[in-house]
Amino acid sequence: MNRASDTSSNLKLISLVFLIVQTTALVLTLRYSQTQKSDGPRYLSSTAVVCAEIIKLITCIFVIYRNNGYRVSGMLNEMNREIFATSQTRADSLKVAVPAIMYVIQNNLLFFALKKLDAATYQVTYQLKILTTAIFSVSMLGKSLHRYNWLALILLTAGVALVQYPSGDSPSTTAAHHDASDNILGLGAVLAACFSSGFAGVYFEKILKTSKVSLWIRNIQLAFFSVFGAIFVCWLYDWQAISEDGFLRGYNGVIWIVVLLQAYGGLVIALVVKYADNILKGFAVSLSIILSSFTSWLVLGDLTITTTFAIGATIVIFATFLYGHEPKKNPVAHNA
């Protein structure tokens, strides 16, 4: 029993560590991909989402193929049994379309928001997904959060806001301001992405924890529906640009790194919600933002560590420990 508990704890830790590393690398490379100089047209974010989902789908199919002894017949039998065999499995598979479409919307909204808002405003506002995830966890999964948990969530949001708040001499203060309409559109996109992220994450967590279907089959279903949803977004918004310059216009090594991090980051997130929960995932992402900021300061040299940053980082670390705190129950006295 203790060995099983230790294994579960190790899996949680490993999943969260990988998520922090993946998210940090994704933020840094994505930021660089959008600021690097390019002679031709820039890559289309909608096509990057499609490529990431296709890679994820191929990877999951390969894992099923490997688990069946590299036998195509075994792989097809498992997929048929888990996805198509009965009306129940088919109906169960269709449920995955809900979080898949929500994730596609979320990813495209965030790319759109980054075009309309400065990085600080985007990152601070997007931390509201932690609160939306907590709300959906309580309403959809029936989770009960202690007052310490709610206090930790509030402190986490406030701490990350302080960390990302630009200083007086920040380059963002001297940059050209967006039009009011752009700010409204960007803010609306981030807020919509927060609710989409919270709902999709909790919905997918509920599917994973209330069914016996393997994680890899669930990810095949998730990627399958996401591919079609992402292609629809390409057709809806970027079809003219794709027709003129090609689907992979503006792609280079950095863009492909972004695509790979997005693809395999989704699988890491699935592992996290399998062995932990979405609120802990939110904390891991928040900590990765702080790590990204330190990397920007030490490596890129485009961030100044201020008192506000230090205070915010301390609050986030404290909130992380506070969320994991379990109040001790008063022992019940027994009469001799």
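This is a predicted model: local features need pLDDT of at least 70, side-chain atom pairs count only at pLDDT 80 or more; totals for chains, interfaces and linings use all residues.
Residues are numbered from 1 along each chain as its sequence is written, and side-chain values use heavy atoms, with hydrogens and water left out.

I checked two of the spans. Residues 43-65 are 91% helix and 0% strand, with end C-alpha atoms 33 Å apart. Residues 185-204 come out 100% helix and 0% strand, with 28 Å between the end C-alpha atoms.

**Whole chain.** I found 15 helices and zero strands (DSSP runs: H or I of at least four residues for helices, E of at least two for strands, numbered from the N terminus). Of the 336 residues, 45% count as buried (under 20% relative accessible area; exposed is over 50%, partly exposed in between; 1.4 Å probe, protein chains only).

**Salt bridges.** I counted five, taking a side-chain nitrogen of Lys or Arg within 4 Å of a carboxyl oxygen of Asp or Glu.

- Arg218 pairs with Asp92, closest N and O atoms 2.4 Å apart. Arg218 sits in helix α11 and Asp92 in helix α4 (residues 87-95), so this pair ties together parts 126 residues apart in sequence. Arg218 is buried at 0% relative accessibility, and Asp92 is buried at 16%. I also noted that Asp92, Lys95 and Arg218 are linked in a network of salt bridges.
- Glu53 meets Lys56 at 3.5 Å, N to O. They are three residues apart in helix α2 (residues 45-67), about one helical turn. Glu53 is buried at 6% and Lys56 at 7%.
- Arg249 bridges to Asp245 at 3.0 Å. Arg249 is buried at 18%, whereas Asp245 is partly exposed at 41%.

**Asn108.** I looked at this one in helix α5 (residues 97-116). Asn108 is buried at 15% relative accessibility. A polar atom of its side chain lies 2.9 Å from the backbone oxygen of Val104. Leaving out residues up to four places away in sequence, Asn108 touches Ser46, Val49 and Val233 (contact: heavy atoms within 4.5 Å).

**Helix α11 again.** Tyr237 lies in this helix and is exposed, with a relative accessible area of 63%.

Key: A polar contact is a pair of N or O atoms within 3.5 Å; within protein, one must be able to donate a hydrogen and the other to accept it, and residues adjacent in sequence count only if both atoms are side-chain atoms.
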